Amino acid sequence: MATISKGFSGKQKAAALLIALGPEISAQVLKSCKEAEIERVTTEIFAMKKISEDTKEDILQECYEMSLAHEYLSAGGEGYAREVLLRALGPQKAEELLNRLAARRRIHPFDFIRETDPVQLISFIQNEHPQTIALILSHLPPNQAGAILAGLDPGMQADIAQRIASMDRTAPEVVKDVENILKKKRCMVLSQDYTSVGGLEFLVKILNRVDRSTEKGILERLEESDSELTENIRKLMFVFEDIGQLDDRSLQRVLRDIDTKDLAMALKGSKEDLKERIFKNMSARAAEMLRDDIAVSGPVRLRAVEEAQQRIVNVVRRLDEAEEIVISRGGDDVIV
C-alpha cells in the first residue's frame, strides 16, 4: 500500500516532520543543522500548508523505520540489517527500506534538483533547448519528470518526449556541464515568496523557542533574500528590542516578573531611548538602582547579554500567551 507522504520530496518530508514534532523539539533539531540546511527546510515550512493527522503519522512512522534501518546497517552491515528488519517488518517492507537507504548513498546526476518542487524547476528550465530538458528529465524520478513535462509549453512536449525516447547514453562530461550550468541558473532564478499562513505561523513558533543567536542569524540571512517575508515574520514575533513598544501597563506587568540582574545585563549596549522607556515605568528608587547596576557591571560577553535578553523575551511571550499583556502586531490590532 502506498504511503500518504509518498509524493513528498525529501525537503518536504523534513518540513512535515518538524511540523509533526512540534515547535519545542523542532527548535532543538534546527540548532544542530547547518545554516544551508536550516534555510532549505524553513523555506519548505513557509510553503507548506497545514498537514493532516494521517500525513503526520505517516511521516513519523517512516522516519522511525528509516532510523531503525540505518541503525541496524551501522551496527552490523546489510546482512544484519536485513535479518532484523525481515523479522520486524516482513520481507516487502524490509527490502523497501534497505533499497531506499542504498539509493540515498548513491550519487545520481542532478541530485540537487530531485527534491525541488516541479513548479520551481519548470520556471528555470522552460527556456532551455529541448535536448537539454530531455537530458534533465531522463535523470529525474518518473513522477517528478512527468509533472515537469506536463507543465511545459505544449508545443515542446512531443519534441522533448521524442528526445527522451531516443536517448541512449550521454558522456559524463556533458552531463556534468549541464549540471553546473543548471546549478548557476537555479541560484539566480529561484526566488519564491512563501507566505502560507500555517507555515509562517509555525516557523515563528520555532523561532520563538531557539536561542537569541540562532534567531538573529536566521532572520539576518532571510533579510538578505526576502526582506518583505522577514518583515512579516518580525510582525508575528517579539524580540527584545520590541519591549520599548509595549504600552505602559503591559511594560509594568512585564517588569514585575523580570529578574533585576537579567534586566541590567540585557540593557548593556541597548539604545538610550529603550533604557529611558523602561526607567519611566519603574519607581524612582528602582530606576536609580538599575542605572547603578548597569554602570558598575563593567564589560560583559555578548553571549551573556543575549541570554539575558532571551529570558526576558520568554517572560513577555508567556504573559502574552496568558493574555495578561498586549503586544501590538502591526495595524491589525485594535485596542479598546
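Mentor: Let's take confidence first, then charged side chains and rings. This is a predicted model, where local features need pLDDT of at least 70, side-chain atom pairs count only at pLDDT 80 or more, and totals for chains, interfaces and linings use all residues. Residues are numbered from 1 along each chain as its sequence is written, and side-chain values use heavy atoms, with hydrogens and water left out.

Trainee: What is the mean pLDDT of the protein chain?

Mentor: The mean is 75, and 74% of the residues reach 70 or more. pLDDT is the predictor's confidence in each residue, from 0 to 100. Over residues 190-198 the pLDDT is below 50. That stretch has 18 contacts (heavy atoms within 4.5 Å) beyond near neighbours in sequence.

Trainee: And how many contacts does the model have for residues 330-336?

Mentor: There are 3 beyond four places in sequence, and pLDDT stays under 50 there.

Trainee: New topic. How many salt bridges are there?

Mentor: The count comes to 9. The rule is a side-chain nitrogen of Lys or Arg within 4 Å of a carboxyl oxygen of Asp or Glu. Take D248 and R277: their closest N and O atoms are 2.8 Å apart.

Trainee: Which parts does that pair tie together?

Mentor: D248 lies in helix α14 (residues 248-257) and R277 in helix α16 (residues 272-280), so the pair ties together parts 29 residues apart in sequence. Helices here are DSSP runs (H or I, at least four residues), numbered from the N terminus.

Trainee: Is R253 buried or exposed?

Mentor: R253 counts as buried, at 14% relative accessibility. Buried means under 20% relative accessible area, exposed over 50%, partly exposed in between (1.4 Å probe, protein chains only). R253 meets E324 in a salt bridge, at 2.8 Å from N to O. R253 lies in helix α14 and E324 in the segment after α18 (302-321), so this pair ties together parts 71 residues apart in sequence. E324 is partly exposed, at 33%.

Trainee: Which residues share partners in one network?

Mentor: Salt bridges join R253, D257, R318 and E324.

Trainee: Now rings. What lies over the face of F279?

Mentor: R291 does, at 4.0 Å from the ring centre. The rule asks for NZ of Lys or CZ of Arg within 6 Å of the ring centre and within 35 degrees of the ring normal. R291 also forms a salt bridge with E276, at 3.8 Å from N to O. R291 and E276 are each partly exposed, R291 at 32% and E276 at 32%.

Conventions
Helices (H or I, at least four residues) and strands (E, at least two) are DSSP runs, numbered from the N terminus.
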